[in-house]
Amino acid sequence: VSGGIDSSLVAAVAIKSKDIDLFTANVVGESSELADAQLLSDSIHARLHVYDFEAEMFLRDWAEATYFYEAPIVSFVNAVPFANVSKLARANQVKAVLTGEGADELFHGYPQLLTRRFDRALLLPMNALKVFYKAIPGLSRYLKLDGERSLPDFLELLSKNFQKQNDRQDFFRGSKFLNQEEGEQYFTTIAMFNGHLRGLLHRNDRMGMIASIESRFPFLDEDVVRFGVNLPTRFKQAKTWKLHNYKHPFIVDKAPVRNAAKGMLPDSLVHKKKWGFGVKAHQALTVKPGFFTDGYVSEICGLNKKGEQYMLEEMIPYHVGKLVSVEVFGKLFGQKQSIETINEHLLKYVSMN
């Protein structure tokens with residue numbers, strides 16, 4: 001459980017059939033949701049097991065998590081505390097767990113899905129400037145305002161075999177009975193299932209296997225998925241006179257999930273806004289010169305000491321942090337270094353702000 005509505009509802013339903021224990025990662029600091037997880041525990045009378053995850057633990061567990069993840073941890077950095085929750089469950093003789101994945105994708109739990117209707121108004125000043133610049137011959141193309149893809153964008157799409165673009169065309173060919181706005185909403189749900197959710201399930205599976213834990217996803221039951229994918233958007237959201245969430249004021253996300261939870265959970269959990277499993281990672285790193293020397297990245301990119309020095313001084317730390325994730329992965333699987341060796345290297349050259 002995270003302290004959020006999805007996993008809380010799963011727990012409240014599950015405990016009606018069998019006594020269960022709850023497991024949570026308390027990301028110590030401003031991202032902590034421990035109070036809400038404890039409220040859930042008290043309200044359904046289930047024992048809560050807590051793993052207190054300090055920011056510095058990310059460095060300690062980075063290499064081991066990457067070994068089981070079998071990919072650079074560049075997106076779902078919360079995989080690292082997730083691994084510790086799996087170990088906590090295993091230490092308490094639990095082999096299978098239930099989680100709340102899937103509800104956000106099915107029932108519009110992400111703020112950007114609710115605010116798209118405002119995009120046109122928010123972009124009005126920029127679009128007006130584009131119209132002005134496009135009236136000047138040659139200037140529009142010079143400023144790249146014609147919608148042409150940059151070379152990096154093109155190569156990224158190419159590397160993914162233009163899958164999302166082809167899926168989009170296939171969807172709209174078979175959905176001509178929908179207007180454009182409705183079609184966009186339905187397609188977004190399907191696209192998130194094929195993209196974002198797939199990444200989350202990869203995280204759960206690999207980080208569960210670090211302790212031989214199996215994850216099960218009630219929201220991904222076939223009947224629930226069929227219902228959620230086909231449910232019209234107007235039923236996934238609800239209007240309210242309360243602010244609810246500053247990111248989408250007066251609009252309640254995941255209305256079916258919240259309605260189902262009424263009477264089963266405390267009101268503060270029913271109406272809790274999305275918090276996210278936040279972990280300090282790439283953006284909070286300080287990397288010392290020498291970290292990349294004779295490493296995987298320097299080998300494949302030709303990065304020398306002078307280039308590394310410039311990168312560490314001038315480039316965005318968040319991007320450098322992601323490159324550290326690639327280096328950890330490369331040392332494990334490209335240079336066949338041990339987890340212990342990589343840990344020593346990380347502690348020597350990398351610190352957490």
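Tutor: This predicted model holds 10 aromatic pairs. Phe-154 and Phe-162 form one of them, with 6.4 Å centre to centre and 50° between the planes.

Student: What makes Phe-154 and Phe-162 an aromatic pair, and why is the pair called tilted?

Tutor: Ring centres must lie within 6.5 Å to pair, and those of Phe-154 and Phe-162 are 6.4 Å apart. Planes under 30 degrees apart count as stacked and over 60 as edge-to-face.

Student: Why is Phe-154 called partly exposed?

Tutor: Buried means under 20% relative accessible area, and exposed means over 50%. Phe-154 has 39%, so it counts as partly exposed. Phe-162 has 29% and is therefore partly exposed by that rule.

Student: What makes the pair of Phe-329 and Phe-333 tilted?

Tutor: The angle between their planes is 45°, and the centres are 5.2 Å apart.

Student: How are Phe-329 and Phe-333 placed in helix α20?

Tutor: They are four residues apart in α20, which spans residues 317-333, so about one helical turn separates them. An α-helix has 3.6 residues a turn, so residues three or four places apart point the same way. Phe-329 and Phe-333 also belong to one aromatic cluster with Tyr-67 and Phe-68. Phe-333 has a relative accessibility of 29%, so it is partly exposed.

Student: How do you know that the buried residues of helix α14 lie on the same side?

Tutor: In α14 (residues 222-230), the residues Val-225, Gly-228 and Val-229 are buried. They cover an arc of only 95° around the axis, which puts them on the same side of α14. Asp-223 and Asn-230, on the other side of α14, are exposed.

Student: What do the buried residues of α14 pack against?

Tutor: They pack against α5 (103-106), α12 (180-194) and α15 (233-236).

Student: What is found at the start of α14?

Tutor: A side-chain oxygen of Asp-221 comes within 2.9 Å of the backbone nitrogen of Asp-223. The cut-off for a polar contact is 3.5 Å, so this distance meets it.

Student: Lys-254 is found in a loop. Why is Lys-254 called buried?

Tutor: Its relative accessible area is 3%. Buried means under 20%, so Lys-254 qualifies. The loop runs between β6 (251-252) and α16 (255-261).

Student: Which residues does Lys-254 touch?

Tutor: Leaving aside residues up to four places away in sequence, Lys-254 touches Ile-5, Asp-6, Ala-103, Asp-104, Phe-107, His-108, Gly-109 and Lys-236.

How values were computed
Residues are numbered from 1 along each chain as its sequence is written. This is a predicted model: local features need pLDDT of at least 70, side-chain atom pairs count only at pLDDT 80 or more; totals for chains, interfaces and linings use all residues. Side-chain values use heavy atoms; hydrogens and water are left out. Rings of Phe, Tyr and Trp (its six-membered ring) pair if their centres lie within 6.5 Å; planes under 30 degrees apart count as stacked, over 60 as edge-to-face and the rest as tilted. Buried means under 20% relative accessible area, exposed over 50%, partly exposed in between (1.4 Å probe, protein chains only). Helices (H or I, at least four residues) and strands (E, at least two) are DSSP runs, numbered from the N terminus. The arc is that of the directions from the helix axis to the C-beta atoms. Contact means heavy atoms within 4.5 Å. A polar contact is a pair of N or O atoms within 3.5 Å; within protein, one must be able to donate a hydrogen and the other to accept it, and residues adjacent in sequence count only if both atoms are side-chain atoms.
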